[in-house]
Amino acid sequence: MPPLGLNDLAARLNRGERLLGLDLGEKTIGLAISDSALRIASPLETLRRTKFTKDVEALKQIFAERQVGGLVIG
């Protein structure tokens, strides 16, 4: 799916889905999660980067546990 503007992204989310913010660094990935109303984002955790496949698996688990419907990268 191509990148979307925030308004378009919010319109495509299912009810109750959240946005996960990723701050990609060379050694860590900072995570923040929105509330289900998409009004406030709060720090979630910082992942220490390892191998790409392990990083993806950790993110997939967070997506499932936290009802993530979209990503904001920056």
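A pocket is an open set of points on a 1 Å grid over the protein atoms alone, where a 1.4 Å probe fits and protein lies on both sides within 12 Å along at least five of seven lines. The views below come from a predicted model, in which local features need pLDDT of at least 70 and side-chain atom pairs count only at pLDDT 80 or more, while totals for chains, interfaces and linings use all residues. Residues are numbered from 1 along each chain as its sequence is written, and side-chain values use heavy atoms, with hydrogens and water left out.

**View 1. The second largest pocket and its lining.** The volume of this second largest pocket is about 200 Å³, a volume being the space filled by probe spheres set on the grid points, which are joined across faces, edges and corners. Its lining comprises 13 residues, and Leu6, Leu19, Ser34, Ala41 and Val72 are those nearest the centre; a lining residue has an atom within 4 Å of a point. Two or more lining residues come from each of α1 (6-12), β1 (18-24) and β2 (28-34). Helices (H or I, at least four residues) and strands (E, at least two) are DSSP runs, numbered from the N terminus. By class, the lining of the second largest pocket has 10 nonpolar residues, two polar and one charged. Here Ala, Val, Leu, Ile, Met, Phe, Trp, Tyr, Cys and Pro count as nonpolar, Asp, Glu, Lys and Arg as charged, and the others, Gly among them, as polar.

View 2. Two strands pair if DSSP finds at least two bridges between them. β1 and β2 are antiparallel and share five bridges; a hairpin is formed by these two strands, with three residues between them. Within β2, isoleucine 29 is the residue opposite leucine 24. Strand β4 (residues 68-73) runs parallel to β1 and is joined to it by five bridges. Glycine 21 has valine 72 of β4 as its bridge partner.

**View 3. Isoleucine 73 in strand β4.** The relative accessible area of isoleucine 73 is 57%, so this residue is exposed; the classes are buried under 20%, exposed over 50% and partly exposed in between (1.4 Å probe, protein chains only). Not counting residues up to four places away in sequence, isoleucine 73 touches Leu22 and Leu24, where contact means heavy atoms within 4.5 Å. Arginine 39 is 34 residues from isoleucine 73 in sequence, and their C-alpha atoms are 17 Å apart.

**View 4. The salt bridge of arginine 49 with aspartate 55.** A salt bridge requires a side-chain nitrogen of Lys or Arg within 4 Å of a carboxyl oxygen of Asp or Glu, and the structure holds two. The closest N and O atoms of arginine 49 and aspartate 55 are 3.8 Å apart. Arginine 49 is partly exposed at 32% relative accessible area, whereas aspartate 55 is buried at 9%. Aspartate 55 is located in helix α2. Apart from neighbours within four places in sequence, the contacts of aspartate 55 are Ile29, Arg48, Arg49 and Thr50.

**View 5. The salt bridge of lysine 60 with glutamate 57.** In this pair the closest N and O atoms are 3.7 Å apart. Both residues belong to helix α2 (residues 52-66), where lysine 60 and glutamate 57 are three residues apart, about one turn of the helix. Lysine 60 is partly exposed, with 47% relative accessible area, and glutamate 57 is likewise partly exposed, at 48%.
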